[in-house]
Amino acid sequence: MNQRQFDKVRGDDGFIAALDQSGGSTPKALRQYGIPETEYSGDDEMFDRVHQMRTRIITSPAFGGNRILGAILFENTMDREIDGTPTAQYLWQEKQIVPFLKVDKGLAAQENGVQLMKPIPELDALLDRAVNHGVFGTKMRSLITLAQDEGIRAVVDQQFEIAKRILAKGLIPIIEPEIDINSPEKAQAEVILKAHLLAHLDALTPGQNVMLKLTLPELNDFYKECIEHPNIVRVVALSGGYSRAQANERLAKNTGMIASFSRALTEGLSAQQSSDTFNAMLDASIQSIFDASKIQP
């Protein structure tokens with residue numbers, strides 16, 4: 001593990017940029033960026049376009065390690081280059097931004113009010129490649145829709161089981177049991193989720209350090225016990241469909257929680273914008289998220 005990267009992620013002001021839209025979510029991300037599906041054909045062209053978008057974001061003068069702690073990449077992005085340098089290495093060497101990798105393969109069908117992760121059959125090989133690319137940590141997402149204890153327990157069990165395999169490779173896992181912001185049982189689901197998270201955190205040994213990526217809670221500072229847990233590197237928040245303004249407002253009320261926004265980060269950016277307009281809008285977005293993520297005294 002890179003100790004400089006660990007210290008940065010654990011202790012500095014800033015947030016995690018989520019640039020990890022994968023196969024299913026990529027067309028929507030491109031549409032929001034002003035590139036309709038009529039402008040590309042097939043997965044190869046689609047991923048070429050999204051890499052161009054990510055390259056424009058990452059190489060922007062607004063995108064730097066002074067406000068951004070880390071960036072989560074999709075596997076396809078990790079395997080590509082920016083200005084002749086592998087993406088993960090570029091992030092750290094040129095921007096001082098810590099690279100993370102999305103490792104899950106999407107969601108299984110809903111059962112017991114949740115969607116577990118699909119199997120990850122080549123996980124060990126993927127993790128070895130990530131280590132070779134200089135990746136610091138990983139991210140994997142499940143989805144909770146209803147406040148059903150059996151389903152939420154299964155989500156957390158699966159997340160921590162895989163997290164231990166990731167830890168064994170020397171990587172820091174970001175565990176993401178997202179709760180749907182539109183769930184009619186969101187607050188109740190948060191209560192159940194926190195109990196299971198704390199039980200698993202308490203079962204970790206010293207040095208088994210993990211991160212959590214959680215939906216912004218209904219009660220301010222609801223995840224305080226998680227944030228203060230000795231095995232937690234950082235607790236980050238997903239935007240989950242909230243607008244940037246809504247997500248920032250909620251985040252600022254949760255002491256010690258920082259952002260890991262995707263759609264809320266890129267909101268308003270367009271392929272048709274001039275460099276000056278694009279960079280100014282990205283700068284304003286980053287500053288607003290940075291401000292909302294600051295660790296309150």
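A pocket here is an open set of grid points where a 1.4 Å probe fits, with protein on both sides within 12 Å along at least five of seven lines. By that definition, the second largest pocket of this predicted model has a volume of about 220 Å³. The largest pocket holds about 730 Å³ of space. The largest nonpolar core counts 81 residues. Strand 1 and strand 8 are each largely enclosed by the rest of the structure.

**Largest pocket**

- The lining of the largest pocket consists of 29 residues.
- Gln21, Ser25, Arg141, Glu178 and Arg263 are the lining residues closest to its centre.
- Helix 2 (26-32), strand 7 (137-144) and strand 8 (172-179) each give two or more residues to this lining.
- Helix 2 contributes the most, with three residues.
- By class, the lining has 12 charged, 12 polar and five nonpolar residues.

**Second largest pocket**

- This pocket is lined by 17 residues.
- Nearest its centre lie Gln32, Arg263, Ala264, Thr266 and Glu267.
- Helix 2, helix 3 (42-59) and helix 11 (263-266) each supply at least two lining residues.
- Helix 11 gives the most to this lining, with three residues.

**Nonpolar cores**

- In the largest core, Phe15, Phe63, Leu193, Leu201, Leu212, Phe261 and Leu265 touch the most other members.
- Helix 7 (residues 149-168) gives the most to this core, with eight residues.
- A second, separate core has 16 residues, including Phe6, Ile16, Phe136 and Val233.
- Leu193 touches Ile144, Ile152, Val156, Pro177, Ile179, Leu214 and Tyr223, leaving out residues up to four places away in sequence.

**Strands 1 and 2**

- Strand 1 (residues 15-19) is largely enclosed by the rest of the structure because five of its five residues are buried.
- Strand 1 pairs with strand 2 (residues 68-73) in the parallel sense, over five bridges.
- Within this part of the model, Ala18 stands opposite Ile72 in strand 2.

- Strand 7 and strand 8 run parallel and are joined by eight bridges.
- Arg141 has Glu176 of strand 8 as its bridge partner.

**Ser293 in helix 12**

- Ser293 lies in helix 12 (residues 275-293).
- Ser293 counts as buried because its relative accessibility is 1%, and the cut-off for buried is under 20%.
- Beyond its neighbours within four places in sequence, Ser293 contacts Gly14, Phe15, Leu251, Met257, Ile258 and Ala259.
- One of these contacts, Phe15, is also among the residues that touch the most other members of the largest core.

**Arg49 in helix 3**

- Arg49 has its place in helix 3.
- With 24% relative accessibility, Arg49 counts as partly exposed.
- Arg49 touches Leu30, Ile35, Glu39 and Tyr40, not counting residues up to four places away in sequence.
- Arg49 and Thr26 are 23 residues apart along the chain, and 9.6 Å separates their C-alpha atoms.

- Most residues other than glycine have a negative phi.
- Gln96 is not a glycine, yet its phi is positive, about 55 degrees.
- Gln96 is in the loop between helix 5 (87-95) and strand 5 (98-102).
- Gln96 counts as partly exposed, at 31% relative accessibility.
- Asn112 is not a glycine either, and has a positive phi of about 55 degrees.
- Asn112 lies in the loop between strand 5 and strand 6 (114-115).
- At 30% relative accessibility, Asn112 counts as partly exposed.

Note on methods
Residues numbered from 1 in each chain as written. Predicted model: local features only at pLDDT ≥ 70, side-chain atom pairs only at ≥ 80, totals over all residues. Heavy atoms only, no water. Core = buried A, V, L, I, M, F, W, Y, C linked by side-chain atoms within 4.5 Å. Buried < 20%, exposed > 50% of the residue type's maximum accessible area, 1.4 Å probe, protein only. Helix = DSSP H or I, 4+ residues; strand = E, 2+ residues; numbered from the N terminus. Contact = heavy atoms within 4.5 Å. Pairing = 2+ DSSP bridges. 1 Å grid on protein atoms, 1.4 Å probe; cavity = no way out; pocket = protein on both sides within 12 Å on 5 of 7 lines; lining within 4 Å. Points joined across faces, edges and corners; volume = space filled by probe spheres on them. Nonpolar A, V, L, I, M, F, W, Y, C, P; charged D, E, K, R; others polar.
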